[in-house]
Amino acid sequence: ITYRLFNDFSIVTKGTSYLAESRAGTGYTKQAHYLLGFAFRPVDFNWLNMIAKVEHKVQDNQVVQPTDYYRATIASAHAYVEPLPSFEIGLKYAVKDAFETLGGTSFSTLTDFILCRPQYDVTNWMNVAGELRLLRQRGANDMKVGYSGELGVVFIRNTMLSFGYNFQAYKDRDLVEYIYSVQGPYVTVRIKFTEELFGLNALE
């Protein structure tokens, strides 16, 4: 659900919950994901957009052995800065408090995540981008660095095909996208959903 509080501010909420009982034996599987966020999208200028959100996730699998219970609370802030019409920078900071029980063993982690993604439009149908990711677990004082580069081509209006290479990879089930968890080449398709795409602007 998205609701505009003011011209520049919106509130975003989301909630999903899933519970399935085991048919073959005892136990159940439960998944839940709740989100509350605020978006700042100025109507008077477009060089800055910001989003702040809090997420709570639960994954509880009491069917498999050993049983697995996982929960995480994530607070994050995203900023998109466009100092030039052809150049933009995406920034993100997130902190995650996680707890997991696997069998009879429990552990908790507190993790910081920082992302920086500059992008330059070479033409109106092609751009180049780089991405730097920093992940630090506070308890272990462990710092991981990941970085990648990609070339994007708009082959259909509002649809971009990107070819990239992930030079350094690591995994995190909540903070790092799957394509960045493995070193090597990757291909993605990004679609920009707009009113124009669905023909809604014709109704004005």
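Visitor: Why is aspartate 172 called buried?
Guide: The relative accessible area of aspartate 172 is 12%. Buried means under 20%, exposed over 50%, and partly exposed in between (1.4 Å probe, protein chains only). The value of 12% falls under the cut-off, so aspartate 172 counts as buried.

Visitor: What sort of model is this, and how are residues numbered?
Guide: This is a predicted model, in which local features need pLDDT of at least 70 and side-chain atom pairs count only at pLDDT 80 or more, while totals for chains, interfaces and linings use all residues. Residues are numbered from 1 along each chain as its sequence is written, and side-chain values use heavy atoms, leaving out hydrogens and water.

Visitor: What makes lysine 96 and aspartate 172 a salt bridge?
Guide: Their side chains meet at 3.1 Å, N to O. A salt bridge needs a side-chain nitrogen of Lys or Arg within 4 Å of a carboxyl oxygen of Asp or Glu, so this pair qualifies. The pair links distant parts of the chain: lysine 96 is in strand S6 (residues 87–102), aspartate 172 in the loop between S10 and strand S11 (184–191), 76 residues apart. Strands are DSSP runs of E, at least two residues, numbered from the N terminus. Lysine 96 is buried too, at 4%.

Visitor: How do you know that lysine 53 and glutamate 55 form a salt bridge?
Guide: Their N to O distance is 3.9 Å, inside the limit, so the pair counts. Lysine 53 is partly exposed at 24%. Glutamate 55 is buried at 11%.

Visitor: Which parts does the bridge between glutamate 150 and arginine 117 tie together?
Guide: The two side chains meet at 2.7 Å, N to O. Glutamate 150 lies in strand S9 and arginine 117 in strand S7 (residues 105–121), so the pair ties together parts 33 residues apart in sequence. Both residues are buried. They also belong to a network of salt bridges with Glu131, Arg133 and Arg190. The whole structure holds 11 salt bridges.

Visitor: How many aromatic pairs are there?
Guide: There are six. Phenylalanine 9 and phenylalanine 40 form one, at 5.1 Å centre to centre with 40 degrees between the planes.

Visitor: Why is that pair called tilted?
Guide: Rings of Phe, Tyr and Trp (its six-membered ring) pair if their centres lie within 6.5 Å; planes under 30 degrees apart count as stacked, over 60 as edge-to-face and the rest as tilted. The angle here is 40 degrees, so the pair is tilted. Phenylalanine 9 sits in strand S2 (residues 9–21) and phenylalanine 40 in strand S3, 31 residues apart. Phenylalanine 9 is partly exposed at 40%, whereas phenylalanine 40 is buried at 18%.

Conventions. Helix = DSSP H or I, 4+ residues; strand = E, 2+ residues; numbered from the N terminus.
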